[in-house]
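Take a look at the model below.

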Amino acid sequence: MQTKVFRITDPSLAGAELQEAADILRAGGLVVFPTETVYGLGGNGLSHEAAEKIYAAKGRPSDNPLIIHIHDPAEADKYAVTDQLYNRLAAAFMPGPLTVILPKRDCIPYATTGGLDTVAVRCPDHPIAHALLKACRLPIAAPSANLSGKPSPTCAEHVISDLSGRVDIIIDGGESDIGLESTIVKIDRDETGEYLTLLRPGAITADALACVCERVVIAPAVLEQLKEGERPLSPGMMYRHYAPTIPLVLLDGTPKDILAFLKSEQETKPCAILCYDEEATELQHKNLFTVGAREDLATQAHTLFAHLREADKTDARIIYAHLPPRDGLGLALYNRLIRAAAHTIKKI
Ligand code: TXA
Ligand code: MG
């Protein structure tokens with residue numbers, strides 16, 4: 001398949017390209033589009049065949065459900081059974097990097113939801129995503145636009161290297177702002193009332209969610225490795241993700257001890273290092289990737305996936321990165337990094 005690439009900086013000046021992309025979606029084709037989190041691999045969310053095509057293009061198991069993207073949070077009710085808590089979440093965080101799992105309506109095919117009776121709904125905050133959703137007048141089913149097992153793409157170059165020849169159109173809208181996938185929550189109820197289960201941490205933090213719903217429960221798969229045969233609440237948590245082919249090891253210790261360790265490792269073996277800006281002048285330049293200042297978690301999130309891709313292309317035998325803190329945006333970084341590292345943490 002010949003893949004067209006449209007570079008769009010201002011959607012108001014790209015009516016023809018966006019209409020062409022919308023027509024492709026309506027005709028059952030695949031369009032990669034930018035969002036504020038990562039790039040999405042989009043198809044018609046109401047079509048069984050489009051879902052199958054998405055799974056095939058990504059090389060993804062078809063029991064791992066897709067997120068439905070909508071252009072207005074109120075539209076969710078057409079595709080899912082919404083409730084008051086959904087409305088409160090929508091008012092607080094949408095459009096934005098939040099995905100909510102709700103009971104699905106019949107119009108959403110089981111192919112889209114990986115056979116589940118629930119559907120994931122998200123209203124992205126990106127002018128190109130918004131313009132595309134408006135133009136196609138469909139909900140767009142879109143997983144992250146990477147080949148299964150690769151880090152999610154945060155710029156068009158990543159998408160082109162993974163999916164060129166596998167999709168009809170790639171819309172290049174520059175770098176994704178946030179750089180980590182959306183926060184996913186499920187609305188649950190028990191005898192004491194409603195609560196949110198956090199299935200995937202992202203830029204909407206657990207603390208922010210707690211301002212809308214008092215009880216936020218972090219699903220075990222967010223922090224821990226699942227035991228053999230255990231099924232997570234979110235099927236995607238089961239699969240090894242974001243895994244570089246060079247082993248990644250996370251370092252836990254004091255700043256001083258970690259720096260001393262990294263210096264000595266650079267002397268003895270070819271290693272790639274994701275270091276804080278503050279450490280850069282102390283370390284050798286080769287295969288060194290500066291992730292942002294120690295306290296600047298937003299920059300670390302923005303650069304993480306690009307750095308993992310770059311580090312994996314080096315001649316290093318091992319990649320080192322810092323173990324992030326588990327609070328605020330740190331929880332999202334922690335969740336992605338422990339999975340990329342297959343839970344390998346070295347105490348220094
Ligand atoms: O930021 C994002 O969410 C990006 C952009 C493109 O919107 N999309 C994204 O999609 O990250 P994907 O498919 O790579 O990750 C979606 C995750 C998967 O782990 C999947 O298992 C989970 O959402 N998921 C989808 N539907 C679900 C459902 N009904 N119940 C539980 N988990 C669900
Ligand atoms: Mg993904």
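Strands β12 and β15 run parallel and are joined by four bridges. Helices (H or I, at least four residues) and strands (E, at least two) are DSSP runs, numbered from the N terminus. This is a predicted model, in which local features need pLDDT of at least 70, side-chain atom pairs count only at pLDDT 80 or more, and totals for chains, interfaces and linings use all residues. Residues are numbered from 1 along each chain as its sequence is written, chains are lettered from A and ligands numbered from 1 in the order in which they are written, and side-chain values use heavy atoms, with hydrogens and water left out.

Stay with β12, residues 248–252. On the β15 side, L250 has A321 as its bridge partner. β12 also pairs with β16, again in the parallel sense, over three bridges. There L250 stands opposite I345, and L251 stands opposite K346. In a regular strand the side chains alternate between the two faces of the sheet.

Now widen the view. Five strands form an open sheet, in the order β14-β13-β15-β12-β16, with parallel pairing (two strands pair if DSSP finds at least two bridges between them). β14 (288–290) and β16 (345–347) are at the edges; each has a single partner strand, so one side of each lacks a neighbour in the sheet. From one strand to the next, the twist averages 25°.

A helix packs on this sheet. α11 touches β12, β15 (318–322) and β16, where contact means heavy atoms within 4.5 Å. The direction of α11 makes about 130° with that of β12.

α11 (residues 330–340) also packs against α10 (residues 297–312), at an angle of about 20° and with the axes 10 Å apart. Axes are lines fitted to C-alpha atoms, for helices over the stretch in contact, and angles run from 0 to 180 degrees between N-to-C directions. That angle makes α10 roughly parallel to α11 (under 35 degrees; over 145 is roughly antiparallel, 65 to 115 roughly perpendicular and the rest oblique). On α10, the contact is made by L297, Q300, A301, L304, F305 and L308. On α11, G330, L333, R336, L337 and A340 take part.
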